[in-house]
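Hi everyone, thanks for making time. Let me put the structure up, and then I'll walk you through one spot and what lies around it.

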Amino acid sequence: MEEWLESDLARAIIRDIDSSEVLSGECISSPVLGQIPPERLSGGTKTLLLMLNEPEKIFNASTCEDNCAKWILESRTVNGKKLLIADGAAPGSEIKDMHEYLSAVHDTILYAPESFEWLLLRADVIPGADSAQILSQPENYIDSSEYASWEQYFTQYLADMTKDHPLWCYSKKKLPAIYLSARVLRAAKKFMQLIIWD
């Protein structure tokens, strides 16, 4: 990770998101925390650095706040266009701004499934997961008095279903590496319609 911090783009991300300066590949100067190792950068900054340096992988951007959006768009491309995967429920009142931006730039593809967890379940790669019925008729399974959104339901469902599996145990806070693997990306690509892959 040390060499990841040396690029101008990485330094700009760290300066913008964490208001910090890179002193070296091993040391960041934070106005709040003083001198810190890269591991102490914010979750959003670390996710952006991963996106920038491992573009072949999928990343869960739930650790990213609103200030990360412009950097996400700069880091991902598909056939020369930027690919943004976002929870469909996440934009909320920001959807108008997002629509105006996407209409103006013409270089960004937005893929907004019901939730990131829905995308993972739909990929159908998790051992023992039999989610086809729930995914096809979620309204028959999700109690709106218990869950404020389908995203909350699918997050809880995935966490409960995988809690005893050491490799696939799902956590939105710290996404296990298996969910970022080429295997999961290949499976997800099969049903991400209207996106022309290389």
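The side chain of Glu 117 makes a polar contact, at 3.1 Å, with the side chain of Thr 155. By polar contact I mean an N or O pair within 3.5 Å; within protein, one atom must be able to donate a hydrogen and the other to accept it, and residues adjacent in sequence count only if both atoms are side-chain atoms. A word on sources: this is a predicted model, where local features need pLDDT of at least 70 and side-chain atom pairs pLDDT 80 or more, while totals for chains, interfaces and linings use all residues. Residues are numbered from 1 along each chain as its sequence is written, and side-chain values use heavy atoms, leaving out hydrogens and water.

So, is Glu 117 buried or exposed? Buried, with a relative accessible area of 0%; the cut-offs are under 20% for buried and over 50% for exposed, partly exposed in between, with a 1.4 Å probe and protein chains only. Glu 117 sits in helix α5, residues 116-122; helices are DSSP runs of H or I, at least four residues, numbered from the N terminus. Not counting residues up to four places away in sequence, Glu 117 touches Glu 151, Phe 154, Thr 155, Leu 158, Tyr 170 and Lys 172, contact being heavy atoms within 4.5 Å.

Now over to α7. Its buried residues include Glu 151, Phe 154, Thr 155 and Leu 158, and their cover includes α5 and α6.

Conventions. Helix = DSSP H or I, 4+ residues; strand = E, 2+ residues; numbered from the N terminus.
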